[in-house]
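Have a go at each task before you read its solution.

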Amino acid sequence: MAARELRRRPGRAALTVLAVALAAALLCALLAIAETAKTRVLSQLSHGGSLAGILVTPNFPNPSQAGLDNPQPGPEHALTASTIAHIQALHDVSSVIPVTSAPVEVLPPPRPPASSKLCQPIRPHGGFCAQQGLPGFGRGPAGSDVVVVAAYPTSVVGVDLGKLSALPVTLLAGRLPRPHSSTEVDVGQQYVSRLGLTRQEATEVLGTFVELGTLQYISSSGGYAAERWVTVEIVGVVDQQAAPGDLVAWPGLVQAEAGWPLQGGALAGSTPSPTYVGAVVIADGLNQVSTVRDEIALAGYSSSAPVGLILSVGRYLHVVELVLSGIGIVALGIAALGIANALLAAVRERRREIGVLKAIGARDRDVLRMFLVEAGALGLVGGLLGTVLGIAMALAIDADANTYLTSQGLAGVQLAIGWVLPAGSVLGSAIVALAAGALPALRAARLPAREAVEA
Amino acid sequence: MEIARGEYVALVGPSGSGKTTLLSVLGALERPQVGSVVVAGQDLSKLSGDGLALYRRTEVGFVFQHFGLLAALTALENVELALTLAGRGRGQRRRRATDVLERVGLQDRLEHRPAELSGGERQRVAIARAIANGPRLILADEPTGNLDERASVAIGDLLESLRHDGGCTLVLVTHNRLLASRADRRLWLHSGRLQATEPVLEARASAVAGHDWTEHT
């Protein structure tokens, strides 16, 4: 019957639903964007990793820097598997992700044409053009389209990329190497810069191949005994803060690169050995970060975590959320007034009808329920439409923002819409409508049955 | 004032004499300021709000001058509404509503809305709704007030047939002489007081003589 009554005055019902829908859409879109922005900002502060992430470095803690988010580390203190196991066993620690690293020589593409003297790849030892003293990477002489490349020393960082969300690693373009791949790597922004490419041009390195060189050294003279080159494909560009190094790969590839020099028989032990260059420790929550850091310091290691900054920025963002919510709630309040007004008008117009209902046996609560159902229906339909509209608005804004961000070589934004926001928006609209309809419904319920026979 | 079970009583008198108020009190649309109303041994003044609603739902059938139909509902749905309030199931509602609409001659108008019906047809729907729950008392407030003479006669016939067939008590407020002349008794009201009771034969004689009751007082 409530639906019939709404259909009887389609214009009024449509306008009321529209008011609710616009308010719900505004609230929904604002909250979705605010939540996404908050997630993005906090993610940026944690370098794409967990907000409760702690980066442990192979150094003693510096007592004078205690309590700082990013302290200067003390003297070196090797991280070992047993140390990592100890940290893993600490109270309030959710997980520990070791970070390994291996020194490599990187020879990037593009390959110069074979006919050019300048075009031979320049390897540091035994390469063809080292004697020419070419300045590493860059374009050839002015006016030349020849590209000169030379290998350069850096590190390949190995982490369990399956735990990307917990790592201070953000994928900017392309994809992550396939699980446990020994032929695929991601590169950092430094690599892109070395090629003379801008952030916007970063995608040009995707699908290209680099050679990774590993050397065996004679420790006494400093010379090298042998070198090994392997080719790997660049499949993604990342922004990573796990450890210094231009490349990121699965630990297996790093282990192979670091382990090869050790297979040199008599030379074994004279070359850099594979060690943990850090560990990402995930605390149970943001509030446990300080406690865990204290325990790590007691274990003899320096750590850093932007928890202070995150908490501080989080507070400001919370205020922004409150303001945006306030705007949405004001809009919803205006819509509620619209519902109340429409229903009060309906009560005025339907006095005799309400009287007739009572004359044929309707109780006060039957009339109350009828008007509340009308109000709830207006709120529910408006809320549903508004939520769909609001999410569409948020998606459109997100797409626009992503276009801009990716054009600037930055990671895109993933719109953070779970089920709570849409469900809350629809239910909230219905509840607000019910609240707005309460007064008109009470008035209707209290009308005397005698209204049925009033002139 | 006493009205016997199965009696047909017409309340007559000038405007403002209290006819409709008396009808409202009999139908529990309002409580009397003084005195009491006892219907079938039930003192209405002692009933709660819900008790009065139950009384209106089960014991009384109202017929209004303005028909009192809900414009958004069809004829069938208007009748079903009374049955819904009485807690009847969907199937039972539909069957009973169809039956009573057939009884008032509207079997071809079940799905029509009030706006699509003539005045006489609307009043028939209202009568069907009034009798849907099988009330013992039918209260009609100027049931022919908005109808032409032909439709008024038809409605009068219908009301009388309901009384004869259903055995219910019929109390109506009317200015229509012929309709009132068909009553067992006419009760004259003036300024809220019962002035006189006129037996049916006298009433019929007055009607034949063309006596205007509204000026009688």
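**Exercises on chains A and B**

Let's start with chain B: of its 217 residues, 47% count as buried (20 or more other C-beta atoms within 10 Å of a residue's own, with C-beta atoms placed from the backbone). Keep in mind that this is a predicted model, where local features need pLDDT of at least 70, side-chain atom pairs count only at pLDDT 80 or more, and totals for chains, interfaces and linings use all residues. Residues are numbered from 1 along each chain as its sequence is written, while chains are lettered from A and ligands numbered from 1 in the order in which they are written.

**Exercise 1.** Count the helices and strands in chain B.

**Exercise 2.** Work out which way the residues of strand S4 (residues 60-63) of chain B point, and find the strand it pairs with.

*Solution.* Step one: B:Val60 and B:Phe62 point one way, B:Gly61 and B:Val63 the other, and all are buried. Step two: S4(B) pairs with strand S5 (residues 137-141) of chain B in the parallel sense, over 4 bridges (two strands pair if DSSP finds at least two bridges between them). Step three: B:Phe62 has B:Leu139 as its bridge partner in S5(B).

**Exercise 3.** Describe the side of chain B that touches chain A.

*Solution.* First, the contact takes 23 residues from chain B and 18 residues from chain A (in contact means C-beta atoms, placed from the backbone, within 7 Å). Next, the elements of chain B that give two or more residues to this side are helix H1 (19-26), helix H2 (49-58) and helix H3 (75-85). H2(B) gives the most, with 5 residues. Finally, look at what H2(B) buries: B:Leu52, B:Ala53, B:Tyr55, B:Arg56 and B:Arg57. Those buried residues pack against helix H8 (351-359) of chain A, together with S4 and H3 of chain B.

**Exercise 4.** Find the angle at which helix H2 (residues 10-45) and helix H9 (residues 364-407) of chain A pack, and classify it.

*Solution.* The angle is about 40°, with the axes 6 Å apart. That makes H2(A) oblique to H9(A), since angles under 35 degrees count as roughly parallel, over 145 as roughly antiparallel, 65 to 115 as roughly perpendicular and the rest as oblique.

Note on methods: Axes fitted to C-alpha atoms, helices over the stretch in contact; angles between N-to-C directions. Buried ≥ 20, exposed ≤ 12 C-beta atoms within 10 Å, placed from the backbone. Contact = placed C-beta atoms within 7 Å.
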